[in-house]
Amino acid sequence: MPAEGDENYLTTAEVARRLQVKPATIYAYVSRGLLTSTRARGRRGSLFAADEVERLAARSIEHSGVVERIESQLTLIQDDELYYRGHPVRTLATTATVDQVATLLWTNQPPPSADAAGGAAGAGAGGGSVGGGGEVGGGGVFAVERQGVELARRGMGVVPDGARLTDRVRVAVAVLGAADPLRFDLAPEAVTAAAGRLIGTVVAALPGMTAYGAKTLGARLWPKLSDDEPRPELLDAALVLLADHGLAVSTVAARVAASARANLYAVISAGLGALDGQYHGAAPTLAYEFLDRAKHDPLKALSDQLRSGKSIPGFGHKIYQHHDPRAEVLLDLLGDHPIVGTVRAIAERTPLFPNSDLAIAAMMHAYDFRPDAGDALFAIARMIGWTAHALEEYAAPALRFRAMGIYTGQTT
């Protein structure tokens with residue numbers, strides 16, 4: 001039993017000052033097993049081992065409830081630019097295939113040079129990609145089996161006719177997970193193979209023509225979203241640009257599930273659940289509806305929006321300060337389409353800049369996508385990123401996320 005004044009031990013007050021929490025919180029840590037309380041010899045009160053306190057301090061447990069810093073090697077947002085594992089996403093969106101970018105995020109294998117790959121528009125699955133063989137659907141990372149597609153379609157068939165595409169995606173993920181007897185194999189190779197099959201199968205199972213022979217994921221997704229003449233390079237670029245964006249709320253939800261060692265399908269379902277919130281995954285639809293009003297009269301649409309006191313959908317961003325690189329790439333790919341003129345007309349009258357939600361909405365209007373296409377595109381793209389975060393989380397200590405609860409109710 002240590003004595004008071006032992007430099008290897010701290011009093012409750014000293015621990016509270018070190019961790020910047022209230023003394024009562026210290027005992028909450030004790031009850032949760034985060035700290036060990038030791039009685040001081042010859043006096044009332046508790047002492048705590050200094051080295052244990054320092055380890056806890058290093059984990060940055062604060063009153064706000066942040067239990068663990070999330071270190072990641074996946075995505076960097078710096079100086080209004082976006083990078084996947086150090087590669088500029090601007091470049092990846094127009095020189096690499098979606099397969100190659102998924103492989104980069106999942107395995108840290110960089111894509112070949114644009115010359116070697118033949119560019120995103122002309123390349124097929126891409127060399128060196130992960131995934132299984134002997135399947136139909138164009139090969140590569142997102143190859144699918146027709147049996148899985150049929151099962152996913154039967155699952156999607158239970159939802160009402162008016163359901164959104166994202167509703168169908170959530171059901172398909174749950175059904176395909178239940179049908180995979182090896183879903184609890186969390187080895188990296190098993191996870192990446194399952195992710196590729198899952199994403200490819202979900203795309204193939206969506207309502208609309210299924211282009212099994214299409215070379216890229218964007219080419220397979222296009223007929224599900226639009227009847228216009230295909231420009232799959234636009235969807236391929238969008239899938240790359242939206243694949244990950246750091247620790248967005250849906251990604252944190254996915255990582256928490258992975259920390260509990262939930263299987264990949266459950267991790268994706270957790271991400272989809274958070275994505276369904278009106279402040280996250282619904283943003284492309286809100287931008288689409290605003291742009292629908294604006295394409296007839298940009299100034300009136302902007303005026304009406306400002307009068308409502310609400311923010312302008314598709315403009316500004318909490319992270320980017322001056323421009324959203326994802327929006328710039330997509331709007332450049334749309335060229336001189338009239339809808340881009342509408343976007344520019346609005347941008348000239350506000351200090352805010354177009355974000356990726358507005359760029360997706362512009363693409364939807366330019367090629368007559370179904371109104372719920374933006375949310376579905378966002379969800380399918382982000383499934384690539386959630387898989388990468390799950391792989392990181394599976395390699396980290398399990399159950400490392402637990403927010404500190406501060407009881408504020410009645411006491412007896």
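I started with the second largest pocket, and its space comes to about 340 Å³. This is a predicted model, where local features need pLDDT of at least 70, side-chain atom pairs count only at pLDDT 80 or more, and totals for chains, interfaces and linings use all residues. Residues are numbered from 1 along each chain as its sequence is written, and side-chain values use heavy atoms, with hydrogens and water left out.

My note on terms: on a 1 Å grid over the protein atoms alone, a pocket is an open set of points with protein on both sides within 12 Å along at least five of seven lines, a cavity is a set where a 1.4 Å probe fits but cannot get out, and lining residues have an atom within 4 Å of a point. Volume is the space filled by probe spheres set on the points, which are joined across faces, edges and corners.

Next I checked who lines this pocket. I got 15 residues, with E145, G148, L176, R197 and Y265 nearest the centre. Helix α10 (188–205) is one that gives at least two, as does α8 (146–156), and α10 has the largest share, 4 residues. Helices here are DSSP runs (H or I, at least four residues), numbered from the N terminus. By class I noted 9 nonpolar, 3 polar and 3 charged residues, with Gly counted as polar.

Then I turned to cavities. I put down α9 (165–178), α14 (264–275) and α20 (373–394) as each supplying at least two lining residues.
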